[in-house]
Amino acid sequence: MTPAARLSAAIELIDTIDAQRVPAAKALKEWGTAHRYAGSGDRAAISGLIWDVLRRRASSAWLMDADTPRARVLGMLKLERKLDVEAISALCDGGRFAPEPLTEAERSALTSRTLDGAPPHIAGDYPEWLDAHLATVFGEDRVAEATAMASRAPLDLRVNTLKAKREKVLASLSHLGATPTPWSPIGLRIELGADARNPGVHAEEDFIKGAVEVQDEGSQLAAMFTAAKPGEQVIDLCAGAGGKTLALAAMMQGKGRLIATDSDKRQLAPIYERLSRAGVHNAEVRPPKGDTDPLADIKSSADLVLIDAPCTGTGTWRRNPDAKWRMRPGALEVRLKDQAEVLDRASRLIKPGGRIAYVTCSVLPSENGEQIRAFVARHPEFSIQPLNETASVLWDRAEDFEKAALQSPEGWLMTPRRTGTDGFFVSVLKKA
């Protein structure tokens, strides 16, 4: 397919996503099935265009003064791909499979309109109802923070220290352009271009043998901040597919008791194979069974409970840009209730001197600091661990991290703009 034909396909797909209200990933998969002639390079390029349009949906429409699939694609080409009007015009020449030529209004918009004067939610590309939430945490920086949250994310890997050292894996994955992550001492990063194909990490020998796992650097740091130690009793209360469970197991060096559970047993399905591949032998998976509590035998005995809390996922917009446009206020209210319940549940599992590590992939204050303040008010036997103690696990990078991340009395907030990671909030609570 020519670049112009790929652009036409992107416009068509955006129209489908709008009309049918389907997730972008589903629309792309169905389009690929229906257009077998499109090669992997074509599909990757079209996917890149779609994700970039979703990242810049509001600002692109503002720039073009029109909220149509075509207008959003054209606006994105200027804002995200940095193409000038002549380059865009060359793609839209009306030829076979190419978009229709630019109208005078489109050419004028691409030439003269800017985001100057656009409201914050337009310039930052997020739903208007979230503006007050983002203003609370970021203030006048919310457009810059949201713009970074709309950027393309790299592919981050965590080296499994049960099986390998970073230096060795770094050398064996050099053909993928892997480099060390700036904060995590066990992380690798692969930068991805706009039209980049999937680098196929899952087919690499290091992945197959369990030496690496895909995990954002922010998620790696969140696990490290728990300070899980060999010999402890550790519970991953919202384990899901097991990303942080695997990180905890490596920190524990295979010593101690690690229990992984989740309220939804379907979320736990991938964890068994992942634990086996990673060489983890001290982990026990406890899926829920009916109304029976899978942790009924544990009462005030855990050294550490990790809560990878159910949340809105606002911190992961780089990886799932269409999710922010489908998010509704009601979803936030449900998540806040779920978070309070899981925090209260964790409090009953912790022994005196033990700790809860509360983590969200959200930047919203109601899910983060406000949730922690409410919990401590309900459970005065818990206190918030000082931030410098939490960051000390970064050794020589701790001081730099303290300058980069956003600090609050309740914990750390990592963001794409500040730390180059997904958005993660971490708070560690200690029981008296």
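**Helix α18**

I looked up which elements the buried residues of α18 pack against and found α17 (329–347), β9 (350–360), β10 (382–384) and β13 (424–431). I took contact to mean heavy atoms within 4.5 Å. Helices (H or I, at least four residues) and strands (E, at least two) are DSSP runs, numbered from the N terminus. The model is a predicted one, in which local features need pLDDT of at least 70 and side-chain atom pairs count only at pLDDT 80 or more, while totals for chains, interfaces and linings use all residues. Residues are numbered from 1 along each chain as its sequence is written, and side-chain values use heavy atoms, with hydrogens and water left out.

I then listed the buried residues of helix α18 (residues 369–378): Gly369, Gln371, Ile372 and Phe375. For these classes, buried means under 20% relative accessible area, exposed over 50%, and partly exposed in between (1.4 Å probe, protein chains only). The four cover an arc of only 160° around the axis, so they lie on the same side of α18. The arc is that of the directions from the helix axis to the C-beta atoms. I noted the general rule beside this: an α-helix has 3.6 residues a turn, so residues three or four places apart point the same way.

**Annotated site**

I consulted the UniProt record, an unreviewed entry, which lists Asp262 and Asp308 under "binding site". They span 47 residues in sequence, yet no two of their C-alpha atoms are more than 10.0 Å apart, so they gather at one spot. UniProt positions are given in the numbering used here, feature names are shortened, and annotations may be inferred rather than shown by experiment.

I located Asp262 in the loop between β6 (257–261) and α15 (271–278). Asp262 is buried, with a relative accessible area of 11%. Leaving aside residues up to four places away in sequence, I found that Asp262 touches Leu237, Cys238, Ala239, Gly240, Gln267, Leu268, Arg286 and Pro288. A polar atom of the Asp262 side chain lies 3.4 Å from the backbone nitrogen of Ala239.

I placed Asp308 in strand β8 (residues 302–308). Asp308 is partly exposed, at a relative accessible area of 22%. With residues up to four places away in sequence not counted, Asp308 touches Cys238, Lys244 and Val359. Its side chain makes a polar contact with the side chain of Lys244 (2.9 Å). A polar contact is a pair of N or O atoms within 3.5 Å; within protein, one must be able to donate a hydrogen and the other to accept it, and residues adjacent in sequence count only if both atoms are side-chain atoms.

**Salt bridges**

I recorded 42 salt bridges in the structure, each a side-chain nitrogen of Lys or Arg within 4 Å of a carboxyl oxygen of Asp or Glu.

I checked Lys209 and Glu205, whose side chains meet in a salt bridge (2.6 Å, N to O). Lys209 is exposed, with a relative accessible area of 51%.

I next examined the salt bridge between the side chains of Arg277 and Glu213 (2.6 Å, N to O). This pair links distant parts of the chain, with Arg277 in helix α15 and Glu213 in strand β4 (residues 212–214), 64 residues apart. Both Arg277 and Glu213 are buried.

I also noted a salt bridge between Asp297 and Arg257, with the closest N and O atoms 3.9 Å apart. Here Asp297, in the loop between β7 (283–286) and β8, is linked to Arg257 in strand β6, 40 residues apart. Asp297 counts as exposed at 52% relative accessibility, whereas Arg257 is partly exposed at 32%.
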